[in-house]
Amino acid sequence: MGAVAVIAAIGLAIFLLRPAAPKETVIVVPSPDGHTGTVVVQRGETRQVLDQPYATSRSGDDKVEQLSAAEVDEAFGPTLRALPAPPASFTLYFITGTDELTAESKAELQNVLAALKERPLPDVQVIGHTDTVGELLANDRLSAQRAETVKGFLVQIGIPAERITTAGRGEREPLIRTPDEVDEPRNRRVEISVR
Amino acid sequence: MRWTIAAVLLGVSTWATASDVGEIKVAKGAAYLERGEARLPVKVGMPVQQSDKVVTGADGTVGITFADNSLLSVGPDSVLAIDRYVFDSTTYAGQFDSTLSKGTLAVISGKLVKQSPDAMRVHTPSAIMGVRGTEFLVKVER
């Protein structure tokens, strides 16, 4: 009887003196567009699916809880504010057979500038495309030229050239599928990705 | 042939070499990257590689954009290891594993997860998170 009590006491002491397991919290939050994704938390044999706004899984708790937006900001404010700006994409269109932007796309260039200004050190990918009018290889060249023209605008406004990559995909990746030799304005484009 | 390879690499990203998988976009306070034996103080524009460890001090925060447009940020007093990062910019296939051993982490998933829902996993001392999309937060208190 006494021995059992001693063993129990030793067991309790070991239990109390063990290094505390880390406390872990996982929270799914809605995106700026209001959509909430899903995270599956596997902790040993326990599996929790978080798919509601602010659904929260904690170590040592089998129930999924719901935190308030204020509690989340309290715990994660500095971390959330360190998230990089989400990548932004733009499409500029060209006058047929040329590397000259349409009037609308010259205006759209202002939005590209705004996205660039938001970022301390942006990196930019510029990919040029053509419609199917003309020879395949000529279109490869024209698409590369369109990308270079846009790169030229960006360098002019002060983006370092080494932060910009360009590529030309010719008529190989049309936005709108067409037969050969079709004048399709939506395919005469440059796609710009700003990160 | 060599030029073809160089051209392909240049076409994929502005980042300096093929081993660069992301770039530091936000850096505040005390924070560094552990790369092998080296401790590199973080600054905006610095490339991030597979096997790097992000370590922040009491006032440090770091934000990283990865090749697939995954966004990660690490809060103060944190340690995050980039265990594995593979991304094919043509097929969007790959795998992204990271481990938060202490501190806080915010994640917005990118093209990897959009392409294949199990491509991104975050590990903590007691759990594995499988990411099926978008934005979530992790905290490990010791």
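Visitor: How many bridges join S8(B) to S9(B), and in which sense do these strands run?

Guide: Eight bridges join S8(B) to S9(B), and the two run antiparallel. Strands here are DSSP runs of E with at least two residues, helices are runs of H or I with at least four, and both are numbered from the N terminus. Two strands count as paired if DSSP finds at least two bridges between them. This is a predicted model, in which local features need pLDDT of at least 70 and side-chain atom pairs count only at pLDDT 80 or more, while totals for chains, interfaces and linings use all residues. Residues are numbered from 1 along each chain as its sequence is written, and chains are lettered from A and ligands numbered from 1 in the order in which they are written.

Visitor: Which residue stands opposite B:Val86 in S9(B)?

Guide: The residue opposite B:Val86 is B:Gln95.

Visitor: What about S1 of chain B, buried or exposed?

Guide: Seven of the nine residues of S1(B), residues 20–28, are buried, so the strand is largely enclosed by the rest of the structure. A residue is called buried if 20 or more other C-beta atoms lie within 10 Å of its own, exposed if 12 or fewer do, and partly exposed in between, with C-beta atoms placed from the backbone.

Visitor: How many bridges join S1(B) to S4 of chain B, and how many pair S1(B) with S6 of chain B?

Guide: Three bridges join S1(B) to S4(B), residues 47–49, and six pair S1(B) with S6(B), residues 61–66. Both pairings are antiparallel. B:Glu23 takes part in each: B:Pro47 stands opposite B:Glu23 in S4(B), and B:Thr65 is the bridge partner of B:Glu23 in S6(B).

Visitor: Changing topic, how many residues does the largest nonpolar core have?

Guide: The largest nonpolar core has 50 residues. Such a core is a set of buried Ala, Val, Leu, Ile, Met, Phe, Trp, Tyr and Cys residues joined through C-beta atoms within 7 Å. B:Val62, B:Leu105, B:Phe136 and B:Val138 have the most contacts inside the core. Strand S9(B), residues 94–108, gives the most to this core, with six residues. A second, separate core has 15 residues, including A:Ile127 and A:Val190.

Visitor: What does B:Leu105 touch, apart from residues up to four places away in sequence?

Guide: Among the residues that B:Leu105 touches are A:Thr79, B:Leu72, B:Leu100 and B:Val138. Two residues are in contact if their C-beta atoms, placed from the backbone, lie within 7 Å.

Visitor: How many residues of chain A are in contact with chain B?

Guide: The contact involves 38 residues of chain A and 44 residues of chain B. Among the elements that give two or more residues to the side of chain A are S1 and helix H2 (69–81). Six bridges join S1(A), residues 23–28, to S12(B), residues 135–141, in the antiparallel sense, with A:Val28 partnering B:Phe136. S12(B) also pairs with S9(B) over six bridges, again antiparallel, and six of the seven residues of S12(B) are buried. A:Gln42 stands opposite B:Ile128 in S11(B).

Visitor: Where does the kink in H2(A) lie?

Guide: The kink, of about 70°, lies at A:Ala75, shortly before the proline A:Pro78. The bend at a residue is the angle between axes fitted to the seven residues ending there and the seven starting there.

Visitor: Which strands of chain A do the buried residues of H4(A) pack against?

Guide: They pack against S6 (88–93), S7 (124–128), S8 and S9 (189–194) of chain A. Among these buried residues are A:Leu142, A:Arg146 and A:Leu154. Just after H4(A), A:Gly158 takes a positive phi of about 110°.

Visitor: Finally, how far apart in space are B:Val122 and B:Leu100?

Guide: They are 7.3 Å apart, C-alpha to C-alpha, and 22 residues apart in sequence. B:Val122 is in strand S10(B), residues 120–123, and is buried, with 24 other C-beta atoms within 10 Å.
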